[in-house]
Amino acid sequence: MTAPAALLALEDGTVFRGSGFGAEGETFGEAVFNTGMTGYQEVLTDPSYTGQIVTMTAPQQGNYGMHAGDAESGRIHVAGFAVREASRRASSPRADGTLGEGLDAAGVIGIEGIDTRKLTLRIRDAGAMRAVISTDDLEPSSLVDRVRASPGMAGADLARTVTTPEPYDAGAIVGPADTSRGRLLRIAVYDFGVKRNILRMLAAAGMQATVVPAETPAGVVVAGGFDGVLLSNGPGDPAATPYGVAAATQLLGRLPMFGICLGHQLLGLALGGRTYKMPFGHRGVNQPVRDTRTGEVRITSHNHGFAVDPTVWERGPDGSIRTASGRIEMSHFNLNDDTLEGLRCLDVPAFSVQYHPEAAPGPHDARGLFQEFRALIEAGGLGGSSSELASDSPPGKKTI
């Protein structure tokens with residue numbers, strides 16, 4: 001079967017001609033690139049990529065096929081996928097099918113045969129921008145006009161589009177928590193687009209997770225008797241996720257808190273900070289991050305187009321920052337561009353990182369943060385049974 005012709009058009013008028021694979025039709029989204037040499041299935045199924053057309057910089061993708069056990073969620077979330085070459089066969093004996101078959105089954109459009117290096121450099125020069133992939137409309141000027149009329153990522157509240165509709169026990173998906181770590185801790189995980197490997201890492205650290213919808217009131221979580229709360233990764237503009245900011249604000253000092261990626265940005269906003277849209281973001285598995293306390297550098301996995309602005313806060317003589325929730329410190333910075341990568345509260349039990357300590361397939365330098373979260377709870381973080389926020393629950397809302 002002959003592959004259909006396809007076009008990828010950017011809002012600046014740049015057009016790439018290639019061949020379609022996966023589903024046919026057209027799709028709009030934000031054009032971004034990922035520098036990972038492996039892990040394309042984890043990228044495709046990461047809810048944080050909702051609304052984005054992802055270009056992989058490594059030239060060949062799909063070599064080992066697709067396997068259900070490697071998925072980070074129940075479906076593919078990217079708006080579209082752009083590669084130099086898509087493998088026609090899956091070499092891994094674990095594979096359930098090929099990359100193209102996986103995209104086709106999910107109704108997701110891919111394009112191959114384009115100069116992904118040129119596309120990546122264009123995004124680096126001009127910034128992430130709106131884009132379209134089409135196998136239907138092959139007229140460049142028409143596509144560019146339509147891209148320019150499509151919505152952008154700034155101001156997009158996407159977490160509510162990917163969150164679970166009802167609470168669920170994470171053990172049903174990733175298995176039971178490890179009981180060799182001591183007492184099983186109960187963790188509420190706010191699902192702004194949670195990756196399954198976050199749930200696996202919590203379970204490996206002896207933490208039994210209940211995943212709750214993104215708009216769950218803080219009072220419902222407090223009344224649920226949890227030992228801690230995790231704010232997950234997710235897509236969209238953090239400033240357009242007010243329910244997440246409200247939950248983080250109300251839970252600070254009441255339950256030990258760990259924020260990852262979008263969760264880090266929401267904690268930053270809850271602490272009186274500000275977020276901004278990055279020119280082209282960080283997406284890949286090779287970002288060096290320095291811990292300001294120890295000087296240790298970790299190679300980390302990233303997927304974010306927004307960041308917390310470190311200039312909005314004023315540091316005191318001791319280097320700490322005073323907020324309405326007590327003192328905080330900026331705990332991690334990116335060595336490539338000095339982006340703020342972590343926050344740590346000094347007077348309440350809470351910390352966050354912009355990068356992904358649960359990264360699959362890797363790197364694994366930062367996995368110890370899940371043990372740090374457990375240690376924070378065991379060190380005497382407030383927990384469990386407080387009913388101070390019960391009044392936040394809407395009438396008739398059941399506790400978890």
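Helices (H or I, at least four residues) and strands (E, at least two) are DSSP runs, numbered from the N terminus. Leu7 has Arg17 as its bridge partner in β2, and the two strands form a hairpin with four residues between them, in the turn of which Gly13 has a positive phi of about 100°.

## Basis of the values

The model is a predicted one, in which local features need pLDDT of at least 70 and side-chain atom pairs count only at pLDDT 80 or more, while totals for chains, interfaces and linings use all residues. Residues are numbered from 1 along each chain as its sequence is written, and side-chain values use heavy atoms, with hydrogens and water left out.

## Strands β3 and β9

Strand β9 (residues 129-134) also pairs with β1, in the antiparallel sense and over four bridges, and within that pairing Ala9 stands opposite Val132. Val132 of β9 is likewise the residue opposite Phe28, which belongs to the pairing of β9 with strand β3, where six bridges join the two strands in an antiparallel arrangement.

Strand β3 (residues 26-34) is mostly covered, with seven of its nine residues buried. Five bridges join β3 to strand β4 (residues 52-56), and these two strands run parallel; Ala31 has Ile53 as its bridge partner in β4.

## The closed barrel and its helices

The strands make up a closed barrel of seven, in the order β1-β2-β8-β6-β4-β3-β9, with mixed pairing. Neighbouring strands of this sheet are turned by 35° against each other on average, direction ignored; for such values, axes are lines fitted to C-alpha atoms, for helices over the stretch in contact, and angles run from 0 to 180 degrees between N-to-C directions.

Helix α4 (residues 140-148) lies across β1, β2, β3 and β9, and runs at about 45° to β1.

## The α9–α10 pair

Helices α9 (residues 242-251) and α10 (residues 262-270) pack at an angle of about 65°, with their axes 8 Å apart. They are therefore roughly perpendicular to each other, a term that covers 65 to 115 degrees, whereas angles under 35 degrees count as roughly parallel, over 145 as roughly antiparallel and the rest as oblique. In their contact, Gly244, Val245, Ala248 and Thr249 of α9 meet Leu266, Leu267, Leu269 and Ala270 of α10. The residues of this contact divide into six nonpolar, two polar and no charged, with Ala, Val, Leu, Ile, Met, Phe, Trp, Tyr, Cys and Pro counted as nonpolar, Asp, Glu, Lys and Arg as charged, and the others, Gly among them, as polar.

Nine of the nine residues of α10 are buried, so this helix is largely enclosed by the rest of the structure. Just after α10, Gly272 takes a positive phi of about 90°.

Technical notes: Buried < 20%, exposed > 50% of the residue type's maximum accessible area, 1.4 Å probe, protein only. Pairing = 2+ DSSP bridges. Contact = heavy atoms within 4.5 Å.
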